Amino acid sequence: MKSLIEDGRKVLLISMIQTEAAFKRFGLEEGVKALAKKHKNFVYSPVWAEYVDVVTAMSKAAVCATDSGSMQEEMNVMGIPCVTLRFGSDRSESILCGGNIIAPPVDAALIKKIIEFAWDNQQMRKVPKIYGKDVSKKCIDAVEKVLKEGDPFRTEEDRLKL
């Protein structure tokens, strides 16, 4: 991240509670704050209260570097290249379709190269939307159907009787 910022790339870091804990644990807190003071192309912010604000910001991103599974899905829906900062992903379909790349957290230079590749890769923006249309509506409809049918916490035997 530091190298991308120093190269002039615009970086938004929405810091989660565990991010802050890691900064403190590894002695990086002051360095990150100093980086934000020195570079106008770096916005360092605590977690945002409204999810809609996060989605709006992400919709303007060139790339999203994350360790969040849900963000991997959301980037596919928005057509934003995703770099997953993990050793693997439980959203492998997003990798297989070409919109997500794994960047194992073992080497800063490697991670930077992967992020730069995704940042400038127009093909990653054109991958198929793999999660379908009206997914939220379908999920809500499914939950409402279960609730109408009765107790959602019924036993497997009771559920199979339907």
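**Reading the terms on a predicted chain**

Guide: The protein chain holds 10 helices and five strands; helices (H or I, at least four residues) and strands (E, at least two) are DSSP runs, numbered from the N terminus. This is a predicted model, in which local features need pLDDT of at least 70, side-chain atom pairs count only at pLDDT 80 or more, and totals for chains, interfaces and linings use all residues. Residues are numbered from 1 along each chain as its sequence is written, and side-chain values use heavy atoms, with hydrogens and water left out.

Visitor: Why does serine 68 count as partly exposed?

Guide: Buried means under 20% relative accessible area, exposed over 50%, and partly exposed in between (1.4 Å probe, protein chains only). Serine 68 has 23% relative accessibility, so it counts as partly exposed. Serine 68 sits in the loop between β3 (64-66) and α5 (69-78).

Visitor: What makes isoleucine 17 count as exposed?

Guide: Its relative accessibility is 69%. The cut-off for exposed is over 50%, so isoleucine 17 counts as exposed. Isoleucine 17 belongs to helix α2.

Visitor: How much of the protein chain is made up of buried residues?

Guide: Buried residues are 30% of the 162 residues. In helix α3 (residues 29-38), Glu29, Val32 and Leu35 are buried.

Visitor: How do you know that these residues are on the same side of α3?

Guide: They cover an arc of only 130° around the axis, which puts them on the same side of α3. The arc is that of the directions from the helix axis to the C-beta atoms. The face turned away from the buried side carries the exposed residues Glu30, Lys37 and Lys38.

Visitor: What do the buried residues of α3 pack against?

Guide: They pack against α1 (2-6), α2 (17-25) and β2 (42-46), where contact means heavy atoms within 4.5 Å.

Visitor: What share of the contacts with a separation of 6 or more comes from residues 24 or more positions apart?

Guide: Such residues account for 45% of those contacts in the protein chain.
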